[in-house]
Amino acid sequence: MNKTVSFNELRRIKDNLPQGSMQKIAEELNISVDAVRNYFGGKHSVDVEGCGIHIEPGPDGGVVMLDDSAILEKALIILGETNFKVSSID
């Protein structure tokens, strides 16, 4: 199921993660740290597996369509934001 979130909100989540969170998320999901960084808008290593995000320009930094929200969900758990709502675009 695809999900959407504003780019600025995705960056806010990333910027508020404590140090070491990218590594923790990568280990829990058995993916590379660069894949997690790319998910949050980074541009690391061209050989990294696809991070499953698609950005459409617009207000509030644009809209980010997520192919898989597992990384976002792990980040929100770390931040204690269990009531955060991500739109579904089935």
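Reader: Which residues in H1 meet which residues in H4?
Author: First, the basis. This is a predicted model, in which local features need pLDDT of at least 70, side-chain atom pairs count only at pLDDT 80 or more, and totals for chains, interfaces and linings use all residues. Residues are numbered from 1 along each chain as its sequence is written, and side-chain values use heavy atoms, with hydrogens and water left out. Contact means heavy atoms within 4.5 Å. Helices (H or I, at least four residues) and strands (E, at least two) are DSSP runs, numbered from the N terminus. On that basis, Leu-10, Ile-13 and Asn-16 in H1 meet Leu-72, Ala-75, Leu-76 and Leu-79 in H4. By class, the residues of this contact are six nonpolar, one polar and no charged. Here Ala, Val, Leu, Ile, Met, Phe, Trp, Tyr, Cys and Pro count as nonpolar, Asp, Glu, Lys and Arg as charged, and the others, Gly among them, as polar.

Reader: At what angle do H1 and H4 pack, and how far apart are their axes?
Author: Two packed helices are described by the angle between their axes and the distance between the axes. Axes are lines fitted to C-alpha atoms, for helices over the stretch in contact, and angles run from 0 to 180 degrees between N-to-C directions. For H1 (residues 7–16) and H4 (residues 70–79), the angle is about 50° and the axes are 10 Å apart. That makes H1 oblique to H4. Angles under 35 degrees count as roughly parallel, over 145 as roughly antiparallel, 65 to 115 as roughly perpendicular and the rest as oblique.

Reader: Is the crossing of H1 and H4 left-handed or right-handed?
Author: A crossing is left-handed if the near helix is turned anticlockwise from the far one by less than a right angle, and right-handed if clockwise. H1 and H4 cross in the left-handed sense.

Reader: At what angle do H2 and H4 pack?
Author: The angle between H2 and H4 is about 130°, with the axes 10 Å apart. H2 is therefore oblique to H4. The crossing of H2 past H4 is right-handed. On the H2 side, Ser-21, Lys-24, Ile-25, Glu-28 and Leu-29 take part, and they meet Ala-70, Ile-71, Lys-74, Ala-75 and Ile-78 in H4. This contact has six nonpolar, one polar and three charged residues.

Reader: Which residues of H4 are buried?
Author: Buried means under 20% relative accessible area, exposed over 50%, partly exposed in between (1.4 Å probe, protein chains only). An α-helix has 3.6 residues a turn, so residues three or four places apart point the same way. In H4, the buried residues are Ile-71, Leu-72, Ala-75 and Leu-76. They lie on the same side of H4, because they cover an arc of only 135° around the axis. The arc is that of the directions from the helix axis to the C-beta atoms. These buried residues pack against H1, H2, H3 and strand S3 (63–66).

Reader: Which residues are buried in H2?
Author: Ser-21, Met-22, Ile-25 and Ala-26 are buried in H2. Their arc around the axis is only 135°, so they are on the same side of H2. Their cover includes H1, H3 and H4.

Reader: Is Lys-74 buried or partly exposed?
Author: Lys-74, in helix H4, is partly exposed, with a relative accessible area of 26%. Not counting residues up to four places away in sequence, Lys-74 touches Ile-25, Glu-28 and Leu-29. Lys-74 and Glu-28 are 46 residues apart along the chain, and their C-alpha atoms are separated by 8.6 Å.

Reader: What is the phi of Asn-30?
Author: Most residues other than glycine have a negative phi, and most peptide bonds are trans. Asn-30 has a phi near 55°, a positive value in a residue other than glycine. Asn-30 sits in the loop between helix H2 (21–29) and helix H3 (33–39). Asn-30 is exposed, at 72% relative accessible area. Just after H4, Gly-80 takes a positive phi of about 75°.

Reader: In what order do the elements run from the N terminus?
Author: The order is β-α-α-α-β-β-α-β, with four helices and four strands in the protein. Of its 90 residues, 32% count as buried.
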